[in-house]
Amino acid sequence: MLINQNSKPIIQLKKISKSFPGVQALNEIDFEVFGGEVVALVGENGAGKSTLMKIISGVYEPDAGEFFVDGNKIEHGGVKKAQDRGISIIYQEFTLAPNQTVSANIFLGKEPFLKGLLGKIGIVDSKYMYQKSKELLNQFGAHFSPNTIIRNLSVANQQMVEIAKSLSSKSKIVIMDEPTSSLGKEEVNVLFEIIRTLKSKGMGIIFITHRLEEVFEISDRIFVLRDGLFVKQMMTSEAMTDNLISLMVGRKLDRTSLKTKSHATNEIILEARNLSRGKVLKNVSFNVKKGEIFGICGLVGAGRTETARALFGADGLDYGDILIEGKKVKIGTPNDAVVEGIALVPENRQSQGLISKQSIVRNISLPSLNNLSRKKIVNQNTLNKIANNYIKLLNIKAQSHNQKVLFLSGGNQQKVVIAKWLASNPKILILDEPTRGIDVGAKAEIYSIMNDLATQGIGIIMISSEMPEILMMSDRIMVMCEGKITGILTKEEATQDKIMAYACGQA
Amino acid sequence: MTIKENKSIKNQYLGVFQQIIKTQEIGVITILLAMGIFLTFMTKNFLTSTNIFNVLRQFSWIAITGFGAILVIISGGIDLSVGSIMSLAGLTTAISLKANIDLWPSILAGLAAGTCVGLLNGFLVSKAKLPAFIATIGTMSVARGLCYGLTNGFTIQGLPEAFTFFGRSDFSLFGLNIPLPVIIMFVLAGIVSLFLSRTVWGYWIYAHGGNEQATLLSGVNTGRIKILVYSLSGFMAAIGGILMTSRLGAATPVAALGYELDVVAAIFIGGASTSGGEGSILGVLIGAAIMQVLRNGLVLLGFPAYWQSAAIGVVIIVALSLDQYRKQRQH
């Protein structure tokens with residue numbers, strides 16, 4: 001037994017199997033969680049992490065195997081039953097009502113009623129809700145009132161509410177499915193503090209993430225799944241990054257070979273001069289060279305995405321100039337940007353990058369329809385040919401070009417977004433968080449695509465919250481803080497500490 | 001060898017069969033066929049060429065208006081002004097004819113009136129950023145008000161025969177006398193279908209309804225798409241309204257009152273998604289046909305006319321529930 005701080009596990013799964021038509025999602029998995037520990041569940045997309053969590057939280061009924069809570073064997077009883085047994089799950093997507101207050105959200109579906117007649121006819125005890133919410137939030141060190149409207153909160157604070165909402169007095173196990181994917185470094189630290197608080201209260205936490213450095217920072221134990229099979233579990237203190245990655249992907253991943261040399265030329269392809277908009281962008285000036293990978297980092301709210309959107313014409317500018325190949329250009333709309341050869345792979349592929357109920361071919365062809373048509377008449381065969389070309393080139397795993405992107409995995413969806421821009425032959429490609437929420441294997445593929453594009457002389461701007469990837473891929477790194485540039489570092493100068501200092505405005 | 005061939009032929013047929021099953025409109029086509037078969041056996045007059053062509057003619061202007069309104073719905077909007085536009089366009093043409101203006105300029109005036117209201121809708125939605133529901137309910141009222149104002153509430157009668165020709169005459173084809181509005185409906189169905197499935201504009205309209213934000217960030221001018229779809233909707237509604245006026249031989253300010261609901265119902269029965277990005281011209285044809293066959297059937301079966309509205313409502317709900325069930329099973 002790996003853990004001995006607490007002799008009895010809170011939950012224990014024995015030989016759990018689950019299959020869906022055509023896939024064995026889980027195969028005889030043994031899994032347990034003890035009180036007061038953080039278990040990191042890692043594996044590529046499709047490894048079976050979500051299925052396992054859904055079985056624990058009562059969404060799915062396993063095909064075979066046994067499930068024990070506090071040593072008692074239990075039958076499948078649905079989500080509500082699982083909650084009653086003390087299992088809480090915090091989903092990747094927020095489930096908050098944006099126009100309601102914090103306390104109304106925390107008590108959604110379990111509102112306390114006033115005592116007496118008023119309570120009988122359904123009048124809610126809002127005073128109790130307020131006080132109880134305040135207590136919960138104070139535990140997490142939150143500084144906002146329970147009367148705040150959700151949509152006025154930052155993403156990190158919304159997540160705090162989400163956690164407060166899913167916890168109840170009975171909670172013993174808390175499942176967090178990629179809780180950090182939309183958080184900046186600072187906010188991740190706040191979340192980790194919360195996790196440590198919960199842990200100290202004896203709760204067991206299951207933590208799913210794609211960011212390995214977080215696994216090392218927060219977890220006590222690591223549980224690796226691959227293709228529905230148990231691969232290995234180990235104490236975090238005994239684990240090593242490279243070893244862990246090869247366990248996850250089942251092959252050795254040579255991190256040093258991902259970016260061997262710079263392809264940057266001396267020719268400036270894009271220059272931004274004094275880009276300014278309200279309080280979010282203040283005199284942002286920089287240039288990007290042909291074949292260069294130009295990294296932008298900073299904390300959430302530093303102005304990274306805003307810079308990208310300004311270059312792409314998605315938000316207006318108060319003042320500032322954009323020059324492409326030395327010529328001043330006017331970019332007022334995304335349409336102007338596309339005409340000038342700028343492409344943007346946006347931060348959120350679901351809501352901004354893809355039309356998920358449409359096919360791969362329709363998505364890939366969207367930005368370049370005008371060039372692929374004659375007198376506005378579309379030739380479907382041409383589109384299919386181009387789509388199939390990119391499916392092969394970027395190794396997009398799909399049944400056919402007619403498959404809806406909705407049914408693709410995150411990594412393959414991201415490749416479709418990249419493909420749609422490659423099809424438009426851009427001079428400058430802006431990638432905003434290109435590897436968010438996708439697995440290690442797909443990440444490596446996206447890095448190698450970026451390298452290929454750089455050799456072709458495309459100027460690449462890469463925005464990322466993941467420090468290792470910024471350090472590995474970028475030829476130069478621009479750090480932003482509160483709408484201003486605080487530093488531009490060369491690859492040789494850059495270190496995690498330096499970047500962090502600039503990002504906090506400390507340098 | 002022969003076994004293999006047989007198998008491949010069988011597979012081919014199976015493939016075609018599966019294709020048909022997968023067709024979006026298969027559910028409603030089945031409902032329409034079932035209604036047709038039922039009425040053929042239960043009544044004497046349903047399956048006669050006169051009755052069928054009557055039914056077709058009666059829903060032709062609803063369908064034609066629907067060919068425009070569905071563009072708006074596919075793009076993710078809604079157009080509630082089409083009924084008023086039908087009336088206003090017919091009235092404009094009638095007034096022009098009465099003022100001794102020539103036939104074609106009068107028709108053009110009607111088309112222009114409809115397109116203008118559509119254009120206004122487009123500007124209100126894309127530039128003033130009004131929700132489509134609000135903007136088109138406003139213009140619905142404005143256009144209807146114009147109809148009352150221009151006529152002082154009176155009906156314009158005695159339209160020239162050269163004009164009523166469009167709505168009333170038949171066209172001989174394969175020994176059948178097909179009403180001209182029906183021919184026009186099928187020709188327009190073909191044109192709009194090709195527009196949606198073969199042109200860049202069609203692709204953009206579907207994309208816009210699927211995800212407006214992503215379409216904008218793909219460098220598509222989404223404002224222009226909105227103006228385009230609302231203008232085309234106004235234009236098609238004008239064609240529908242002018243044909244209807246031509247058939248009636250008179251223009252009243254209360255013509256096509258409430259037709260926007262018939263049009264929208266036909267579109268949704270035909271499989272369009274309320275959130276946009278889905279829908280087809282074939283669907284509109286089937287949807288409009290189902291509603292008219294039902295009306296016709298109730299009359300032939302001797303039901304009192306007062307019950308029609310309730311029956312149509314039930315059919316809309318049943319058809320859409322079945323469709324929803326089918327869609328969920330596919331996923």
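Two strands pair if DSSP finds at least two bridges between them. Keep that in mind as we walk through this predicted model.

Q: What is the strand order of the open sheet of six strands in chain A?
A: Let's read across the sheet. The pairing in this open sheet is mixed, and the twist averages 20 degrees from one strand to the next. Going through the six strands of chain A, the order is β6-β7-β8-β3-β9-β10.

Q: Which strands of chain A stand at the edges of that sheet?
A: An edge strand here has a single partner strand, so one side of it is left without a neighbour in the sheet. In chain A that describes β6 (87-90) and β10 (229-235).

Q: In β8(A), what is the bridge partner of A:Ala40?
A: Start with the two strands: β3 (residues 38-42) and β8 (residues 204-208) of chain A run parallel, and four bridges join them. Now look in β8(A) for the partner of A:Ala40, and you land on A:Phe207.

Q: Which helix of chain A packs on the sheet?
A: Look for a helix touching β3, β6, β7 (173-177), β8 and β9 (221-226) of chain A. Its direction makes about 150 degrees with that of β7(A). The helix you want covers residues 49-56 of chain A, and it's α1.

Q: How many residues of strand β19 of chain A are buried?
A: Take the strand (residues 428-432) one face at a time. A:Ile428, A:Ile430 and A:Asp432 point one way from β19(A), A:Leu429 and A:Leu431 point the other way, and all are buried. In a regular strand the side chains alternate between the two faces of the sheet. So β19(A) is mostly covered, and the count of buried residues is five of five.

Q: Is B:Val117 buried or exposed?
A: Hop over to chain B, where B:Val117 is found in helix α5 (residues 103-126). Beyond its close sequence neighbours, its contacts include B:Ser81, B:Ile85 and B:Gly234. A residue needs 20 or more C-beta neighbours within 10 Å to pass the cut-off. B:Val117 has 29 of them, so it counts as buried.

Q: How is α12(B) oriented relative to α13(B): roughly parallel, roughly perpendicular or oblique?
A: Two packed helices are described by the angle between their axes and the distance between the axes. For helix α12 (residues 259-269) and helix α13 (residues 281-300) of chain B, the angle is about 120 degrees and the axes are 7 Å apart. Roughly perpendicular would need 65 to 115 degrees, and roughly antiparallel over 145. That makes α12(B), relative to α13(B), oblique.

Q: How many nonpolar residues are in the contact of α12(B) with α13(B)?
A: From α12(B), the residues that meet α13(B) include B:Ala265 and B:Ile267; among those on the α13(B) side are B:Val284 and B:Met291. One residue of this contact is polar and one is charged. The nonpolar ones number eight.

Q: Which helix gives the largest share of the side of chain B that touches chain A?
A: Here 18 residues of chain B are in contact with 24 residues of chain A. On the chain B side, α9 (200-210) and α10 (212-216) each supply at least two residues. The largest share, six residues, comes from α9(B).

Note on methods: Residues numbered from 1 in each chain as written. Chains lettered and ligands numbered in written order. Predicted model: local features only at pLDDT ≥ 70, side-chain atom pairs only at ≥ 80, totals over all residues. Buried ≥ 20, exposed ≤ 12 C-beta atoms within 10 Å, placed from the backbone. Contact = placed C-beta atoms within 7 Å. Axes fitted to C-alpha atoms, helices over the stretch in contact; angles between N-to-C directions. Parallel < 35°, antiparallel > 145°, perpendicular 65-115°, else oblique. Nonpolar A, V, L, I, M, F, W, Y, C, P; charged D, E, K, R; others polar. Lists of a residue's contacts leave out its neighbours within four places in sequence.
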